[in-house]
Amino acid sequence: MEKKLIFGIHCDLSPKSGLGHFNRMKSIYLEIKRKQHNCYFFFNNSNKHLTRGHISKLDTVLISSKSANDNIKKITKKVIKLNISILITDSYIINYNLEKILYSSGVFLVSIDDHLKKHYSDLVINCRASVSKDEIRHIKNQSWITGAKYTIINSVKKSNRLKKKPRNILFHSGGLSFFKKNKEFYISSLKKLDNLSLGVSVLCTTLDSANYINNLIKKLDLKKNIIVLKFSRNLRKNLFKYDIVAGPAGSITYETIISGSLPFSFPFKQDGRDSEKSWNSLGHLMHLNEKEKKNKKIIDMSWELIFDKYQKLILTLKKYSRELNVKSSEY
């Protein structure tokens, strides 16, 4: 009989991080539970207003702490008390002190890495393509696994249609809809598309973002009837209905590739996660870098290229998107 293990997952779910880390870790959590092991999510109680709507059916541990050191002590104490043998960390803000303490305590530590950082853990997983040995920052007895097949993504519906021109476009701005952060891209794009025969929708997951987009539509005096969508848990099931999904690179980008739709993406901010080799190896050919996403001329030219070469871009995406594996969470 297979020995039952107890897992822990420590990931970002805060106003700064959005839902990306949580969504990919939720797929891991569900796979662990499917294999009949126990698993607990660790969250900071200060973000309970955000976590409440997402964790009701999950086994969770809420940590109330007064400082970073207090947070480390309480997480470590809980990990030991619950007899957790494997802890997975997935965070923008890498807490090296927490990793060091847990690593030295005998817990098998797994770090999900986006930035090729140095981690104090037993195993590091990074989904970039063509990572050289020189880029990996090992510690003693540590293992790294890299490559697109380790991208943690959910299964989504696929589109089998091959249209000559795109008809439906979805704009988003990540899990918390910070449209202001990349306003140049959205302003230039909406103005560029205003006179075209297209269906345009904008996903707004908060009331503030919906107000911002509605005010922007009025300010730009756009003639097009733009649909403002509220947050939906079924978004991933409907991505295939959109021919282009435009917004910051993240979990939605990978799911858009799998769905067969064309992602038009850019980095949410310059944080070291951009990798042209990785995007190109997946067939994702419409990604602007930090500088390009603010350049109106480049944004306009990118849209023109999409409409002119749409079928070619879709065929290329479909050919190379096989690099992604929707069963990655089963590994």
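Predicted model: local features only at pLDDT ≥ 70, side-chain atom pairs only at ≥ 80, totals over all residues.
Visitor: Okay! How many bridges join strand 11 to strand 12?

Guide: Five, and the two strands run parallel. Strand 11 covers residues 244-248. In this pair, Ile-244 stands opposite Leu-262 of strand 12.

Visitor: What's the strand order in the open sheet of five strands?

Guide: The order is 10-9-8-11-12, with parallel pairing. Strand 10 (227-230) and strand 12 (262-266) are the edge strands, each pairing on one side only. Neighbouring strands here are turned by 20 degrees against each other on average, direction ignored.

Visitor: Switching topic: what's the order in the open sheet of seven strands?

Guide: That one goes 3-2-1-4-5-6-7, and its pairing is parallel.

Visitor: And why is one side of strand 3 and of strand 7 left without a neighbour in the sheet?

Guide: Because strand 3 (60-63) and strand 7 (143-146) stand at the edges, where each has a single partner strand. From one strand to the next, the twist averages 20 degrees.

Visitor: Which residue of strand 2 does His-10 stand opposite?

Guide: Phe-42. Strand 1 (residues 6-11) and strand 2 (residues 38-44) run parallel and are joined by five bridges.

Visitor: Nice. Which strands does helix 3 lie across?

Guide: Helix 3, residues 68-81, lies across strand 1, strand 2 and strand 3, at about 150 degrees to strand 3. Helix 4 (residues 96-104) packs on the sheet too, touching strand 1, strand 4 (86-90) and strand 5 (108-112). The direction of helix 4 makes about 150 degrees with that of strand 5.

Terms used. Residues numbered from 1 in each chain as written. Heavy atoms only, no water. Pairing = 2+ DSSP bridges. Helix = DSSP H or I, 4+ residues; strand = E, 2+ residues; numbered from the N terminus. Axes fitted to C-alpha atoms, helices over the stretch in contact; angles between N-to-C directions. Contact = heavy atoms within 4.5 Å.
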